Amino acid sequence: MVERVREDDADMVDTNEMPGMDDDKHDVKETLAAIDHISPAVRDAGDHLLLDQYQGFDVDLMRMYYARLFPYQEMYKWLSYGHDRKHPQSDTSFFARREFSFTLDNDIYIRYQSFKSCNDMESAIRDKCPFKIDVGAVFNFDPSKRQLYQSAGSEKIFAPVERELVFDVDMSDYDDVRVCCKGADVCNRCWPLMTVVIRVLDTALREDFGFAHILWVYSGRRGVHCWVCDQRARKLNNEQRSAIAEYFRVYRGSENNAIKVSLPGSSLHPSLSRAYEQVLDRFFIELILPGQELLADEESWEKILHMIPDNDVRNQLRVNWSSRRQTNSDVDVNVLRWKDLEKCVKASKVKSHAMRRCLDEIIFVYTYPRLDFEVSKNMNHLLKAPFCVHPKTGRVCVPIDPQTCEDFDPMAVPTVSQLLNELNTASSEETSKTVERVKDFEKTSMREAVEIFRSTFLDDLCKSCKAELDAAYMTKVQASSKLPTLAW
Ligand SMILES: [Zn+2]
């Protein structure tokens, strides 16, 4: 499928055709790319020459991004889960058994990368400058050495032993219920569908499954990723992952299938009922119904009327909506018509289960999360790392605070060029004065992204990993102190 480029997104312009990207500036950029070899003072002094120079997305920008802004330490802290060599109970091979994969500039895809340490990871990323970094499972031994075991006729089978439970939701899976955009495009009218995903899944994962360490990340273009990082979640086998994913399967439809959700039973499952009361109903009425103009014209209302199993009600509503003149009410016409629909359905003489459930089913069809189930079901499935930059939009895959996800605006997510411009501005302002040395990302909008990563996810995760290692260590110490002492 050909991916459309949003006309209003200047970041997607081909950088080769961009004004200002002439040879002189390219030379300066090359110089800057080699910042390792010059002193910080010289580097900062040169930066002010480059104010607001960067646009678009290319390998040079990514080189600078990885040199100055990518939060390696936070990523390492997360993915080492406390096994950082400082704790007596830590498994020093843990991080090195994690698979990373890189997609390079020329579309070359390299799997089974592994790194011994944070420095090792940083060197590889800066050296290879991947356009995409995927994070895979933790294996029983170093993925980069898997062939040694496989070829030597070893009895050990190379296999994943741990992996975060992950969820991937793409806006393109909602194309049958949105009118504003299609495919990879998103806008502020359809983005609330992703807010619903975060609200519903986050609550269910915490309340129904008892998970606590959940990271939400913007995918950089059209969706969100969720990483459940509790030890219990990481140890789930494929069958258990499938079962959890299936728990969230409500939407079963296709464009040709009239019944698109399945809500069996005389009353809603408690998880669905909570989702409906806390999230779906409100989002449907306030944002989706008017935002997607679900009852604005005959074509759109027929899709909804199709889901009402009473011919009389359908005909009644067609008459009402076709003949009645628009009032001057402040209330949106879609909302007015929905109220009318609710009234007619409730007054219907048909009292079947399908009729009683049809209002709920319509709301679930138009709002309930639609997961990419395959991503969740298999331990060995790769998922793009947080803080990557999406090549098509130039936007950073920033973490989203689930508590304030209503405020998240995908159009306001910083792009790699914006961040580098911010860094230049900050650097040029500090050349004349003595400033305390702060990390480069803290001088840019990345600061907020990293702060959300820490405060909504990483800090608590580190505490709980330490507590788990402490407990394991105490158990070991107590066990060894109970050993019978040898009497000589
Ligand atoms: Zn849209």
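A residue is called buried here if 20 or more other C-beta atoms lie within 10 Å of its own, exposed if 12 or fewer, and partly exposed in between, with C-beta atoms placed from the backbone. This is a predicted model: local features need pLDDT of at least 70 and side-chain atom pairs count only at pLDDT 80 or more, while totals for chains, interfaces and linings use all residues. Residues are numbered from 1 along each chain as its sequence is written.

**View 1. The whole protein chain.** Welcome to the overview: 17 helices and 9 strands make up the count for the protein chain (DSSP runs numbered from the N terminus; helices are H or I of at least four residues, strands E of at least two). Of its 488 residues, 35% are buried.

**View 2. The open sheet.** Four strands line up in the order E5-E7-E6-E9 with antiparallel pairing (strands pair if DSSP finds at least two bridges between them). At the edges, E5 (165-170) and E9 (399-400) each pair on one side only. Strands E6 (residues 214-218) and E7 (residues 223-228) share 5 bridges, and here you can find Tyr218 opposite Val224 in E7.

View 3. Helix H7 (residues 192-207) lies across E5, E6, E7 and E9 and runs at about 15 degrees to E7 (axes are lines fitted to C-alpha atoms, for helices over the stretch in contact, with angles from 0 to 180 degrees between N-to-C directions; contact means C-beta atoms, placed from the backbone, within 7 Å). Its buried residues include Pro192, Leu193, Val197 and Leu205. The buried residues of H7 pack against E5, E6, E7, E9 and helices H10 (270-291) and H14 (353-367).

Note on methods. Two residues are in contact if their C-beta atoms, placed from the backbone, lie within 7 Å.
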